[in-house]
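Here is a friendly note to read alongside the model. Please keep the structure open while you go through the points.

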Amino acid sequence: MRRLSVLSVLFVTFAAVQAEDGKSLHLSSPDGGQTVDFFQTRKAEGKHEVCYRIRFKGKDVLGSSRAGLDMDNRVWEKALGVRNLVQPECWMDNLTVDSVSYSSHDVWWHPLYGERSSVRDCYNGGVLYLSKKDGSDYRTNIEVRAYDEGIAFRYFFPEHPKSIFHKVVADLTEYAFPEGTKAWCEEWAQATFEHKDVSEIDVPVERALTLELPNGVWTAITDADVDDWCLTRFRSSEARRSTLESVMYSPVDIVTYYATPWKVVMSADKPGQLLENNDIVLNLNPPCEIPDADSWVKPGKIMRATKMTTESGLKVIDFCAEHKIPYMLFDWQWYMPCTSHDGDATKVVAAVDMPKVIAYGKERGVGVWLYVNQHALMKQARTLFPVLREWGVVGFKSGFVQYASHRWATWLHELVRLAADNHLMMNIHDEFRPSGFSRTYPNLLTQEGYVAMRNGPMPLTT
């Protein structure tokens, strides 16, 4: 890694050892508080199911819960000349465990900004290696980490020798909680919270999802490293009480080798500790990819100009300078029409002398941010961002962007990368939920959106 320095010596041990029965993986966190088991069960002749369970300080968090993904690769198999494979009912059915390996990891790293100046990345890890014996050359690894803060796992697909594309059509991962578990859930990112039994969540709800278990354990389920995947939410299983199933917003097309996002199950004695332990999400993302980030990525407060005029911009800059606020924002309508594909974000409305405002901001030590709607970002981001940098703009707020489908999720994260290439900081407006990508691209400073501003004060809004 080029940007972050390691404080302590990395200690990694790796043992390609076979589990006692060849089918199971058992891990405990470094402090012993979190434990997880992955194992395979036989449901019928030629049909297997991978399951897992989690405990915290000896208390059940998740009982035996299904793990895995379903795929439909038939078109790609046939297109590449593989036309004689027997298709199982579920893609995972004819995978079998080959071996298990274990490792440990302990490093410290420095985030560019955040709650702590140093973050410890310490876990015990394991991998469950599975493959098909039908001549398809399909392989899948389940990578598992046990942190003191919680358990994380993901699905990894080694490179396929025939380059068969994989189409993921369903996330089979379930979360089987103890009977009586309650969840604080919301249907979308800016919705009101509802307190429900996990068996009564009849529509998909957002992550992170906070839950109180009847045994006194507090749990949160979320994800990490989600730059190339679709939105995944949770809903009560119709087949099994007190169990949540995963709901993908859209199919996901992948090219191997490929790792899915991490699934994270955090557990603690008190709800506040879930927040205190949020470093687990950052640790599950790759290190910083911006070599010179510390020279231009500067978090700070920002104030919005409510009128799109030169005079308003200058007055806001004066206020910011006097109150040590490092940034000001021209929100929507500094270019028009801003909610149409016919808009052009390289052309400023006549009422704003943008060069004058930006130059004055530099004089007074106040950087200028601009709002840019998705329409302009779709149409002209690659030409717009160099223009904004040439103007002297320091950052932009992306407005009303989509992110839920695989297409839009990858587009939005590529937008962050493109902004970094042009030394632009970024604030995502609306429904986007963070998954730790700011560790890898710290120019993504924050995300915003709350329903109270639009609909009036409400007691249970985000």
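1. Let me begin with Met328, whose contacts (heavy atoms within 4.5 Å) include Ile302, Met303, Ala305, Gly313, Val316, Ile317, Cys320, Val366, Gly367, Val368 and Trp369, leaving out residues up to four places away in sequence. Please bear in mind that this is a predicted model, where local features need pLDDT of at least 70, side-chain atom pairs count only at pLDDT 80 or more, and totals for chains, interfaces and linings use all residues. Residues are numbered from 1 along each chain as its sequence is written, and side-chain values use heavy atoms, with hydrogens and water left out.

2. Met328 also belongs to the largest nonpolar core, which has 59 residues; Met328, Phe330, Trp334, Val372, Phe385 and Leu412 touch the most other members. Such a core is a set of buried Ala, Val, Leu, Ile, Met, Phe, Trp, Tyr and Cys residues joined through side-chain atoms within 4.5 Å. Buried here means under 20% relative accessible area, exposed over 50%, and partly exposed in between (1.4 Å probe, protein chains only). Among the elements that each supply at least two residues of this core are helix H5 (310-322), strand E23 (327-330), helix H7 (374-391) and helix H8 (406-421). Helices (H or I, at least four residues) and strands (E, at least two) are DSSP runs, numbered from the N terminus. H8 gives the most to this core, with 8 residues. Another core lies apart from it, with 56 residues, including Tyr155, Phe177, Ile221 and Trp229.

3. On aromatic residues, the whole structure holds 19 aromatic pairs. Rings of Phe, Tyr and Trp (its six-membered ring) pair if their centres lie within 6.5 Å; planes under 30 degrees apart count as stacked, over 60 as edge-to-face and the rest as tilted. Tyr123 and Tyr147 are a tilted pair, because their ring centres are 5.1 Å apart and their planes lie at 50 degrees. Tyr123 is buried at 11% relative accessibility, and Tyr147 is buried at 1%.

4. Tyr175 and Phe234 make an edge-to-face pair, with centres 5.5 Å apart and planes at 85 degrees. Tyr175 is in strand E12 (residues 174-176) and Phe234 in strand E17 (residues 232-236), so the pair ties together parts 59 residues apart in sequence. Tyr175 is buried at 2%, as is Phe234 at 3%. One aromatic cluster is formed by Phe38, Tyr52, Phe153 and Tyr155.

5. Which cysteines are in disulfides (pairs of cysteine sulfur atoms within 2.5 Å)? The search of the whole structure finds 0 disulfides. For Cys51, the nearest cysteine sulfur is that of Cys90, 12 Å away. The sulfur of Cys185 is 20 Å from the closest one, in Cys230, too far for a bond.

6. Some backbone spots deserve a look. Most residues other than glycine have a negative phi, and most peptide bonds are trans. The bond from Arg207 to Ala208 is cis, with omega near 5 degrees, and Ala208 lies in the loop between strand E14 (194-197) and strand E15 (209-212). Met336 and Pro337 are also joined by a cis peptide bond, with omega about -10 degrees. Lys57 has a positive phi of about 50 degrees and is exposed at 54% relative accessibility. Asp430 has a positive phi near 105 degrees, but Asp430 is buried at 14%.

Terms used: A disulfide is a pair of cysteine sulfur atoms within 2.5 Å.
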